[in-house]
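Let's take a walk through a protein together, one step at a time. Have a look at the picture first, then read on.

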Amino acid sequence: MESVVEFFRWLADAHKIEVSIVYDPLDRGRFLTGLLTTIWLSATCIVFSILIGLIGAWLQGAKSRAVRALVQGFVQFFRNTPPLVQLAFFYFAVSAALPSVTDKYGAAVPLIDNIGWAIISFSLFAGAFNVEIFRSGIEAVPRATVEAAESLGYSRFQAYLYVILPLAFRVCLPALGNNLVNLLKTTTLAYAIGVPELLYAASQVWSEVLNVREMMVVLLFTYVALVAVLVYFLHRWERAMRIPGYSA
Amino acid sequence: MSDLAVLQARAQMPSPSEWGSSGLVRLLGSGWALAAAVAAALLGAAIAEAATATGRPGVLSILVKWAPLIFTGFLFNLLVSVASMAIGTAAGVLLGLAQISLLAPVRKAAWLLTQFFRNAPWLVLLFFATFLLPFEIRVGDAAIPFPAWLKAIFGLSLPVLANVSEIVRGGVLSIPVGQWESAESLAFSRTQTIWRIILPQATKRMIPPWMNLYAILTMATTLISVVGIQDSMTLTRGALVAEGRVDLYLPIYFMLLCMFFAYCYPIARYTQVLERRFAERH
């Protein structure tokens, strides 16, 4: 570890390649905080977006036309508008329309802070895609399977939870994986509202140390590595969920 | 035949019973959704207008005042999207063909490049281009300026080229091997086979994902406001600063969302129509 730090210090002194996040404790702290924030933001949004997707896909099978139209409207609107404008809409507009609360020092602060809005905004954005993904998976479950569940006395919700969903989930895992990778990449937009995630941390470092070139390379590789880790876990999940004899 | 592969293939196919049977009905469906959204927005603005105290201009009149300017910004977003798409497509087709090259080093390098730019966030690539490209290019004594908006176009075309590369590779691989073999037996060279036999057939299959990518790119063009280029997003913020009224925030951002929706939703609908037509034929 010490020799690695020495190597990067030598690189900075001898070749002006300043990867300051390795040898500068302040920059290292910022970068690690950014990394953790990005991971936390992504993980939270993944959980919420899957929940939104599951609930939305269930509501799309509802008998009421109004409910289905409402879900369809939500899905199409969030899929076909820029996530950055959605984020601004929530953070600047909706936040301003909500009442503010007083913090422990007596100052007025918004009800939901920037990280909160980032989570809400990205979860809804990715959730809209997830609704469509789960719906396509549900439609791929053979009608006979659903009828068999009904004839065994399952209610609509029970059949959804115990029969349709487990099958549909396996079918749509590849598409879901794609969308979750996209979600991870979308979390960079939180930079625009000052959430101290990876891109924000990197910009803080490069505006002080003036090492844009080095930080860019570090950023690109960090994100590609994060995506690789996510893809690895998704593949493992896919393999763990495989039913012997069911898959090809 | 109820194995996972078949189910997954079925899940890829859109449902036949969604909006109606003909493409026209579906496009009309998009029209109705749009009309409903705009009507809701106008109604909301009208209510806000009625609720405004006299003496201050109403929300609706302020929206009408700023709409042309924001729309100009929106047109600039579209210009950026078209330019990035053109550059990204041209480079992406070449990279995609390099991915099926017979030379292993070329193939591997193209694969690596594709995966790298596909998996990096768009905003990071945009920062990458704006900060690391030079502000002018010197050719001998002449200096060709390289303004920020041009850099942004290049930055956005990076993820586009990687995605186009994958679309081309997928399209070419989807053509049955028999086509390659019969072309070979007719003494076509490899280049001739690709350009005259494989690509013309693959293009039809590549168009829906390519249109999908274009819609995603159009929505991503708002990112250029983050690197300091004036677009619809910047102008919207400017209008809000100029007016300095909190009750304007919701309607004006909603108006911007509607502009993008009005452009991207028909593209998404038409993409689905094409996909469905393709799925029916095969």
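How many residues of chain A are in contact with residues of chain B? Here 41 residues of chain A are in contact with 38 residues of chain B, where contact means that the C-beta atoms, placed from the backbone, lie within 7 Å. Helices 4 (65-79), 5 (83-97), 6 (114-140), 8 (156-186) and 10 (212-241) of chain A each bring at least two residues to that side. Helices are DSSP runs of H or I with at least four residues, strands are runs of E with at least two, and both are numbered from the N terminus.

A word on the source: this is a predicted model, where local features need pLDDT of at least 70 and side-chain atom pairs count only at pLDDT 80 or more, while totals for chains, interfaces and linings use all residues. Residues are numbered from 1 along each chain as its sequence is written, and chains are lettered from A and ligands numbered from 1 in the order in which they are written.

Now zoom in on chain A. Helix 6 of chain A packs against helix 8 of chain A at about 150 degrees, with the axes 8 Å apart (axes are lines fitted to C-alpha atoms over the stretch in contact, and angles run from 0 to 180 degrees between N-to-C directions). The two helices are therefore roughly antiparallel, a label for angles over 145 degrees. Residues making this contact include F122(A) and F129(A) from helix 6 of chain A, and A168(A) and L176(A) from helix 8 of chain A.

Over in chain B, you'll find 10 helices and 2 strands. From the N terminus on, they run α-α-α-α-α-β-β-α-α-α-α-α.

Notes: Two residues are in contact if their C-beta atoms, placed from the backbone, lie within 7 Å. Angles under 35 degrees count as roughly parallel, over 145 as roughly antiparallel, 65 to 115 as roughly perpendicular and the rest as oblique.
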